[in-house]
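Here are my notes on the model, as numbered points. Please read them with the structure open.

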Amino acid sequence: MTGYDPRGKANRALLVGVSEYDNTAPPDGVPGDLPAVKHNLNRLSEALRHGGVFDEREITVCRSPDQGTFDQELWKAANEADGVLLLYFAGHGAIPNAGDELFLQMRNARVVAGGHAVFPGAVLFSLAQAMLTASSARRIVVVLDCCFAGNAAWVRPETPDKRRLLLMSVQPNHRIDAGDPDTPTPFTNELVKLLEAGGDVSFRALVDDLRAQMSAAGHRTVRGDAWEPESRAEPGMDVLLAAGAGGPGSPPAPDPAQGTDPGPGALDPGPGLVRRVGVVLVGGLGGMGAAWGALMRRRRDSGARGSGGGDGNPGVAAGDTGEEDATRRERRRTRRLVAGGVAMLVLVVTAIGIGTYRHLVLANGPSSCAPPLELRVLTDPDLEPTVRAAADAYLTSEANTTGDDCRRSGITVYSAGAADAVTALRKQTGAWQEPREADTNPQRDVGPQPDVWIPASPADAARAVAGQDTDAVAEVDADQEPFAYSPVVLAVPQDIAVDELDDRTGPPLTRMIDDLRARHADAAVRRPDPEFTDTGLLATIGLYATQGAAGAPDPRRAEDRVAQSGPPAPTAAELLCALPDDDAVDNRTAALVPEFLLKSGVGCDSARRAPRMAQYPGDVPGLEPVFVRVRWQGADRDQADRNREAEAFREWLTGEGGRVAFARDGFRAATGDRALLDSTEVAEGVLRAPSPLKESAGRDAMEASLEDYRGANGPGRVLFLLDSSGSMAGQWEGPSGGPGLLKQSLGGLGDRDEYAVWAVSDAGEDTYDTLLPFGPHSRKDAERAIDREARVRDAEADPLGALRAALDAMEVRDADDERPGLIVFVTDDEDGDRLAGDGFGSLLDIARARGLPVAMVSLKGGGCDAGKPDARISEAGGGRCLDADDDLGAALHDEVARTGTGES
């Protein structure tokens with residue numbers, strides 16, 4: 001657990017509550033005033049003041065501010081904090097139809113209804129995040145008490161920030177009632193009670209207790225569902241928010257995790273100080289978030305490439321002493337420039353008012369610009385870094401600048417699993433536009449509705465179009481040709497690579513693998529997840545190309561060539577990141593990855609990674625990114641503008657502008673002899689002109705390989721264990737409760753899979769009761785049985801006995817009918833103290849010996865921290881541990897789908 005005690009640091013708490021609104025009358029007013037929010041601010045500020053972490057001068061209460069005042073106060077708090085920075089917001093929240101952004105409505109908020117709702121006077125949560133990220137604070141805590149607060153979890157920051165801990169009053173897409181006007185709102189009332197209860201209160205403990213309190217009180221959302229607060233934080237990340245003893249003047253000794261932090265006084269201003277200048281611009285311009293993110297990434301990349309960042313201060317190496325004179329001089333120059341910039345920008349912001357839709361054009365003075373239209377670009381996970389870099393370059397290019405020096409468009413780049421993206425565009429466009437059920441929600445599982453899709457192969461677009469529903473509400477229009485190319489290579493550690501050129505190009509993939517193992521018996525080969533990236537699926541085409549004894553492909557035998565314990569890495573970059581964790585593994589393991597990664601690399605452990613040689617299989621197609629325009633029905637309001645800006649981006653990306661970005665990362669030309677776009681710098685281990693290179697992947701080949709991969713090991717067998725002890729009462733109802741999560745995961749099972757469901761408690765003679773016996777079940781029948789039979793028992797649970805029984809039951813069934821297996825245990829960990837002693841050690845030994853994956857699903861945060869029983873059980877069997885810090889519904893579904901033959 002990466003806990004942090006901020007006492008003695010410069011902490012800041014900004015408490016924002018909007019109880020009074022200027023515009024409440026139809027047709028464009030907000031729903032009404034919120035008198036309960038006044039009490040929120042009074043009670044919360046008092047609780048923090050006596051909590052021993054924030055002193056009175058460190059707490060700012062901002063009552064019913066307009067947008068500009070909010071921006072100013074947030075900038076000030078972000079600039080001053082170096083310990084913990086807390087932002088609390090209570091008021092009206094609003095979301096657009098896509099649900100991909102959250103608007104925090106300030107005093108002057110209005111609503112312009114229509115097919116694409118507009119919210120003047122509201123703060124975009126994405127921009128608030130950008131301003132928070134600019135802070136040098138060691139921890140950033142955001143607490144939202146508003147309708148749709150849970151949608152904040154879907155707003156992805158431009159730059160991932162591990163310091164952020166997010167607490168949301170309610171699950172996504174839900175409205176909540178403010179309660180009695182004479183008391184605080186229900187969520188904040190429970191929050192304050194916990195802060196005032198005494199003793200140390202950490203973020204994670206607060207989240208757990210809040211969920212329990214809200215459930216026990218029986219609170220319901222406006223639609224009648226259980227009211228469930230949610231949280232998001234990096235695994236293990238925590239911070240102290242209230243202390244039972246001591247105070248700001250008597251901090252404890254710093255823990256080891258704090259000791260290496262250079263702090264805000266370090267030589268390098270890094271992104272923290274530079275961002276403080278830019279954050280004024282971000283706050284001042286509703287549409288400038290993406291451009292600012294681009295500038296910050298370039299600053300970060302140029303200053304911190306190849307070095308690890310200290311916690312809470314990205315880009316500053318932990319323990320950096322600044323010994324290089326040139327570096328020190330550059331830092332001093334940067335600081336002087338920044339200081340001058342701050343002074344100038346403060347004057348400018350004072351003049352024009354933060355929060356207005358205006359920006360400063362440094363070359364030509366102030367210019368009045370309308371908010372640029374935002375394009376949403378979905379891409380393959382392996383392509384995301386390059387596509388994002390290209391989009392950043394486009395934002396500031398002449399092609400995206402009007403004659404008035406304004407930006408024509410903004411661009412948001414995001415990625416999702418390749419198979420999920422194809423499925424969503426083929427079969428789920430209606431649910432993408434308007435989710436109607438918890439199981440099918442592309443807004444949650446993929447992201448916002450894209451304007452542009454850049455898959456890693458034209459075959460993906462062909463698959464989406466060929467199988468598209470007749471009632472689809474999205475039109476998928478792909479370019480005829482891809483605009484870049486990168487072969488999928490077998491990247492072999494140099495010490496065990498082949499020497500002859502003829503052996504490096506042309507042979508089929510299976511022969512290359514077999515030859516590698518013939519030379520080195522302990523050599524291994526790994527491939528990224530074929531369902532998550534096209535890299536993995538394209539490699540699978542070659543892997544399955546060799547026919548078996550019956551003259552047909554033998555996927556099961558082919559999978560043995562890339563077998564590994566546990567699930568495959570999601571992306572090629574993560575695969576290359578994971579290998580150096582063990583030098584012995586790195587030195588003997590080849591990886592199937594795109595060639596461009598051998599040049600652009602990945603941002604982890606670069607000093608330790610084994611150098612690799614690229615081998616070019618003759619039967620593995622390469623990555624061929626292609627531009628695909630996606631048009632949505634009902635988006636008529638700005639259709640002409642959106643078409644124009646999407647076409648402008650297409651022309652730039654597929655022309656010389658995009659060519660430069662893709663050349664920098666090591667891509668090749670899409671046509672001809674597929675020469676390197678940058679022939680002046682050939683990465684080590686890469687051949688300048690390998691020949692032959694496999695032709696493009698076909699739609700049918702990709703579809704067949706994916707289907708074969710899903711069924712490579714035949715039908716699966718899953719045993720679900722559902723903790724039904726009394727403590728589960730607070731974790732039972734709704735889609736995020738135990739039964740709800742279990743039912744969501746059933747989509748990963750097909751008609752040929754068999755599964756069973758046990759209720760785990762000491763209520764009967766055994767450690768479990770059978771809710772559903774082993775066998776194939778239709779999903780509807782299984783859900784009915786769970787709804788009918790599953791209930792909380794007035795008893796404790798024996799997880800040790802239940803898991804031992806589950807392993808025995810699976811072994812018995814495997815003796816008669818061997819097939820891929822998985823045990824899933826959904827629990828609140830209240831009886832986790834039984835997972836100890838010799839019995840627990842014996843359980844771990846059995847799990848290791850049998851090699852049966854166990855997916856432990858903890859409904860509490862931190863359940864999968866290193867060394868915890870849940871993590872040890874999953875690790876022993878090669879399974880995956882999931883806890884409340886994960887997206888449990890989607891993650892558990894994916895785990896079950898790896899074993900089953902259902903939807904993935």
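1. Start with the open sheet of 4 strands, ordered β19-β20-β18-β21, with mixed pairing. β19 (524-526) and β21 (612-615) stand at the edges with a single partner strand each, so one side of each has no neighbour in the sheet. Neighbouring strands are turned by 30° against each other on average, direction ignored. Strands here are DSSP runs of E, at least two residues, and helices are runs of H or I, at least four residues, numbered from the N terminus. Two strands pair if DSSP finds at least two bridges between them.

2. A word on the basis. This is a predicted model: local features need pLDDT of at least 70, side-chain atom pairs count only at pLDDT 80 or more, and totals for chains, interfaces and linings use all residues. Residues are numbered from 1 along each chain as its sequence is written, and side-chain values use heavy atoms, with hydrogens and water left out.

3. β19 and β20 (residues 589-594) run parallel and are joined by 3 bridges. Arginine 526 stands opposite alanine 591 in β20.

4. Two helices lie on these strands. α16 lies across β18 (488-493), β19, β20 and β21, at about 145° to β19. α17 lies across β18 and β20, at about 110° to β20. Axes are lines fitted to C-alpha atoms, for helices over the stretch in contact (heavy atoms within 4.5 Å). Angles run from 0 to 180 degrees between N-to-C directions.

5. α17 (residues 534-543) is mostly covered, with 10 of its 10 residues buried. Buried means under 20% relative accessible area, with a 1.4 Å probe and protein chains only. Among them are Asp534, Leu537 and Ile541.

6. Check threonine 505, in the loop between α15 (501-504) and α16 (509-519). Threonine 505 counts as buried, because its relative accessibility is 14%. Its side chain reaches the backbone oxygen of serine 691 at 3.3 Å. Beyond its neighbours within four places in sequence, threonine 505 is in contact with Met512, Tyr616, Leu687, Pro690 and Ser691.

7. Finally, α5 (residues 203-216). Phe203, Arg204, Leu206, Val207, Leu210, Arg211 and Met214 are buried there. They cover an arc of only 160° around the axis, which puts them on the same side of α5. That arc is taken from the directions from the helix axis to the C-beta atoms. Their cover includes β7 (139-145), β8 (164-168) and α4 (186-195). Glycine 218, with a positive phi near 75°, follows α5.

Technical notes:
Buried means under 20% relative accessible area, exposed over 50%, partly exposed in between (1.4 Å probe, protein chains only). A polar contact is a pair of N or O atoms within 3.5 Å; within protein, one must be able to donate a hydrogen and the other to accept it, and residues adjacent in sequence count only if both atoms are side-chain atoms.
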